[in-house]
Amino acid sequence: MCKANQFLEGEEAVSPVIGVILMVAITVILAAVIAAFVFGMGPPEQAPQASIRGSAENIGVNTVLKLEHQGGDNFYLTSANTRVIVDGVAVEASDLPEAFEYSAGNTVYLFNESTGGLTLGVKTNVTAATISKVANQGATVNVKIIDVASQQMIADLSVRF
């Protein structure tokens with residue numbers, strides 16, 4: 001007997017077993033990938049849909065920006081939920097009540113505090129003694145309100161003073 005045939009005697013074929021194991025492994029991996037896409041992909045986050053109107057309003061000798069919520073979804077004007085940007089500068093909502101929900105019919109005012117920074121507040125916080133004007137007459141101010149969770153725009157306003 002030839003030495004080459006000596007190794008082949010008594011050996012059973014392993015190819016079919018390995019082939020079946022590979023096919024099962026591929027099937028399991030494909031099922032896991034498909035399940036991850038199907039179950040992991042829900043509807044995308046959506047920003048609140050609201051109609052916001054901006055206008056200039058005189059308080060004493062100072063002109064402030066009045067933002068009126070005219071309808072649509074309610075949302076919170078806090079830095080964790082919403083970002084307000086005026087001409088590229090982020091605005092703090094420091095003069096708003098705690099957990100202020102901006103809903104239809106509500107009005108907030110954007111003004112310069114006497115300390116120098118832009119802020120949002122309600123009418124009771126806006127007094128001629130504590131504010132300075134937002135912009136000069138004839139200037140245009142661009143206001144963007146962005147939902148933090150979805151990074152989508154809620155409002156993009158250009159207000160002429």
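Modeller: Here's some background on the model, then the core, then a few residues in its strands.

This is a predicted model, so to speak of local features I need pLDDT of at least 70, side-chain atom pairs count only at pLDDT 80 or more, and totals for chains, interfaces and linings use all residues. Residues are numbered from 1 along each chain as its sequence is written, and side-chain values use heavy atoms, with hydrogens and water left out.

On confidence, the mean pLDDT (the predictor's confidence in each residue, from 0 to 100) is 82 for the protein, with 83% of residues at 70 or more. Among the elements, helix α1 (residues 3-8) sits lowest with a mean of 59, while strand β10 (residues 140-147) comes out highest with 92.

As for the fold, there are two helices and 11 strands; these are DSSP runs numbered from the N terminus, H or I of at least four residues for helices and E of at least two for strands. Going from the N terminus, the order is α-α-β-β-β-β-β-β-β-β-β-β-β. Of the 161 residues, 32% are buried, where buried means under 20% relative accessible area, exposed over 50% and partly exposed in between, with a 1.4 Å probe and protein chains only.

Now the core itself. A nonpolar core here is a set of buried Ala, Val, Leu, Ile, Met, Phe, Trp, Tyr and Cys residues joined through side-chain atoms within 4.5 Å. The largest one has 27 residues, and the members that touch the most others are I52, L67, F75, L77, Y102, V108 and L120. Two or more residues each come from β1 (50-59), β2 (62-72), β4, β7 (107-113), β10 and β11 (152-160). Of these, β11 gives the largest share, four residues.

V108 is a handy one to click on. Beyond its neighbours within four places in sequence, V108 contacts L65, K66, L67, L77, L96, F100, Y102, L120 and G121.

L110 is in strand β7 too. At 0% relative accessibility, L110 counts as buried. Its C-alpha is 4.9 Å from that of L65, which is 45 residues away along the chain. Leaving out residues up to four places off in sequence, L110 touches V64, L65, V86, V91, L118, T119, L120 and V134.

K66, one of V108's contacts, belongs to strand β2. It's a lysine, but K66 still counts as buried, because its relative accessible area is 18%. Past its neighbours within four places, K66 meets R53, G54, S55, E57, T107, V108 and Y109. With R53, 13 residues apart in sequence, the C-alpha to C-alpha distance is 8.0 Å.

Last stop is A50, in strand β1. A50 is buried as well, since its relative accessibility is 17%. A50 and G72 are 22 residues apart in sequence, yet their C-alpha atoms are 4.2 Å apart. Apart from residues up to four places away, A50 touches H69, G71, G72, D73, F75 and I154. That list includes F75, one of the core members with the most partners.

Definitions and conventions
Contact = heavy atoms within 4.5 Å.
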